[in-house]
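This report goes through one protein structure part by part. Please look at the sequence and the model before reading on.

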Amino acid sequence: MATTTFTKKSLGLESTEPAVTPPTKGAQTNFAKKPKLGAGKSKKRDIPEGLWTKCPKCETMVFDKELDENLKVCPKCEFHFPISARERIHSLVETCTFEEMDAEMTSVDPLKFVDKTPYPKRVLDHQAATGLKDAVLTGLCKIGGHRVALGVMDFSFIAASLGSVVGEKLTRLIERATEKELPVIIISTSGGARMQEGMLSLMQMAKTSAALAYHAQSRLPYLSVLTHPTTAGVMASYASLGDLILAEPGAMIGFAGPRVIKDTTQAELPPDFQTAEFLLDHGLIDAIVPRKEMKQHFIEYLDFLNGQQKAAAAS
Ligand SMILES: [Zn+2]
C-alpha cells in the first residue's frame with residue numbers, strides 16, 4: 001500500500017494532496033501548492049530529449065536505442081525515419097571495406113550567391129552540423145561477396161541538393177566503376193538542384209547521366225535506390241537511370257511538387273501519386289524494398305546480374 005502511494009507520488013500522479021492537507025496555514029499555502037501540482041504534471045509529460053522519438057505515422061513512442069538498432073525503422077508500423085549516409089553505409093557494407101573517395105571535396109562559390117546567408121557560410125554551417133563535406137559519400141566497398149562502387153546521399157546536408165560536388169563525386173565514382181568493371185549502387189535522396197550554384201548545378205544532371213551511359217555500354221549493372229524524398233533534378237537524371245530502380249516503403253518520389261503539376265497540366269491528380277507504392281503500381285520502379293532487407297536484395301540482384309553478364313560474355 002505504502003509502495004503504491006510512493007510510486008504514484010514519484011510519477012507526479014497525486015491529485016488529492018490539496019484536499020488532504022489541513023488548511024491550517026490559510027489560503028496562501030493552498031494557493032502556493034497549486035503550481036506545485038501543475039509542475040508535477042508537466043514533469044510527467046516532459047520526456048528527456050534524445051531518449052525517445054514519436055513515430056509520425058503510428059504515434060508510438062519509440063526508444064531511440066531501439067530505433068537505431070532497427071535501422072531507424074519504427075518497430076510497430078515500419079515507418080522509415082530519415083537515416084544518415086554514414087549509418088546507411090554501415091548497415092550495408094562488410095565491416096572495414098568502405099574506401100571513401102574524394103572525402104575532402106568541397107564547394108566553391110562561383111556565383112558569389114547570397115540568399116538568407118552567403119553560400120560559403122551555409123556550406124560551413126552544414127559541414128559543422130553534419131560532419132559531412134557535402135551531400136554525398138562515395139567509395140568502393142564490398143557487399144556480400146560483391147565489390148561495388150557505392151554512393152549514398154544525405155538529406156541533412158542542404159536538403160541533399162545536387163551541386164557541383166555531388167555531381168563530380170558521383171561522376172568520378174561511376175567512372176572508377178567503369179574502369180574497374182564494378183557495379184554501381186547509388187542511394188538517392190534530394191530536394192533537387194542546388195540553386196546557389198545556378199547553371200553549374202544543372203550541368204551535373206548531364207554529367208552524371210553521361211558517365212552512367214559509358215558504364216552501361218560496358219554492360220555493368222547499376223542499381224538506383226530512391227529514398228524519402230527523391231525529387232527534381234536528381235530524379236530527372238541518375239536516380240531514374242538504374243537497370244533496377246528500387247525504393248524504400250512510403251518514399252515520396254517525383255519531379256515537381258503536386259501544385260506546380262496541377263497548375264501546369266490543369267489536370268486532377270490522383271491521391272498519393274508521388275509515393276513509391278503508386279509508382280510501383282504504374283511501372284516506374286521495379287521493387288519496394290524495406291531498409292532491413294536492402295543488403296540481402298542487393299546481393300541477390302548482383303548475383304543475378306553478374307550471372308547474366310557472364311552468360312552474355314560467353315555467348
Ligand atoms: Zn510507427
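Which residue takes a positive phi in the hairpin of E4 and E5? That residue is Gly144, with a phi near 60°, and the hairpin has two residues between the strands. The model discussed here is predicted.

## The sheet

Seven strands form an open sheet in the order E3-E4-E5-E6-E7-E8-E9, and their pairing is mixed. Strand E3 (99-101) and strand E9 (287-288) stand at the edges; each has a single partner strand, so one side of each is left without a neighbour in the sheet.

The pairing can be followed from strand to strand. E4 and E5 run antiparallel and are joined by eight bridges. On this pair, Lys142 stands opposite Arg147 in E5. E5 also pairs with E6, in the parallel sense, over four bridges. There, Val152 has Ile187 in E6 as its bridge partner. Strand E7 (residues 222-230) and strand E8 (residues 244-247) run parallel too, joined by four bridges. Ser224 stands opposite Ile245 in E8.

Is E5 enclosed or open to the outside? Of its eight residues, seven are buried, so E5 is largely enclosed by the rest of the structure.

Helix H5 (85-92) lies across several strands of the sheet: E3, strand E4 (136-143), strand E5 (146-153), strand E6 (184-190) and E7. The direction of H5 is at about 160° to that of E5.

## Helix H8

Helix H8 covers residues 198-217, which makes 20 residues. From its first C-alpha to its last, H8 reaches 30 Å, close to the 28 Å expected at 1.5 Å a residue.

Which residues of H8 are buried? They are Ser201, Gln204, Thr208, Ala211, Leu212 and His215. Helix H7 (164-180), E6 and E7 are included in what covers these buried residues of H8. After H8 comes Arg219, which has a positive phi near 55°.

## The zinc site

The zinc ion has four protein donors, each an SG atom: Cys55, Cys58, Cys74 and Cys77. These donors lie 2.2 to 2.3 Å from the zinc ion. The angles among the four donor atoms are 106 to 112°, and the site is tetrahedral. For comparison, the ideal angle for four tetrahedral donors at a metal is 109.5 degrees. Along the chain, the donors follow the spacing C-x2-C-x15-C-x2-C.

The C-alpha atoms of Cys58 and Cys74 are separated by 8.7 Å, and the two residues are 16 residues apart along the chain. Leaving aside residues up to four places away in sequence, Cys58 touches Cys74, Lys76 and Cys77.

## Backbone exceptions

Most residues other than glycine have a negative phi, and most peptide bonds are trans. Some places in this model depart from that pattern. Lys72 is not a glycine, yet its phi is positive, about 60°. Lys72 is in the loop between H4 and H5. With a relative accessible area of 17%, Lys72 is buried.

Glu78 is in the loop between H4 and H5 as well. Glu78 is not a glycine either, and its phi is positive at about 70°. Is Glu78 buried or partly exposed? At 36% relative accessibility, Glu78 counts as partly exposed.

Which peptide bond is cis? The bond from His228 to Pro229 is cis, with omega near -20°. Pro229 is found in strand E7, the strand that runs parallel to E8.

Definitions and conventions
Residues numbered from 1 in each chain as written. Predicted model: local features only at pLDDT ≥ 70, side-chain atom pairs only at ≥ 80, totals over all residues. Heavy atoms only, no water. Donors = N, O, S within 2.8 Å, 3.2 Å for Na, K, Ca; no water. Tetrahedral: all angles 85-135°; square planar, octahedral: opposite > 155°, others 65-115°. Pairing = 2+ DSSP bridges. Contact = heavy atoms within 4.5 Å. Axes fitted to C-alpha atoms, helices over the stretch in contact; angles between N-to-C directions. Expected span 1.5 Å × (residues − 1). Buried < 20%, exposed > 50% of the residue type's maximum accessible area, 1.4 Å probe, protein only.
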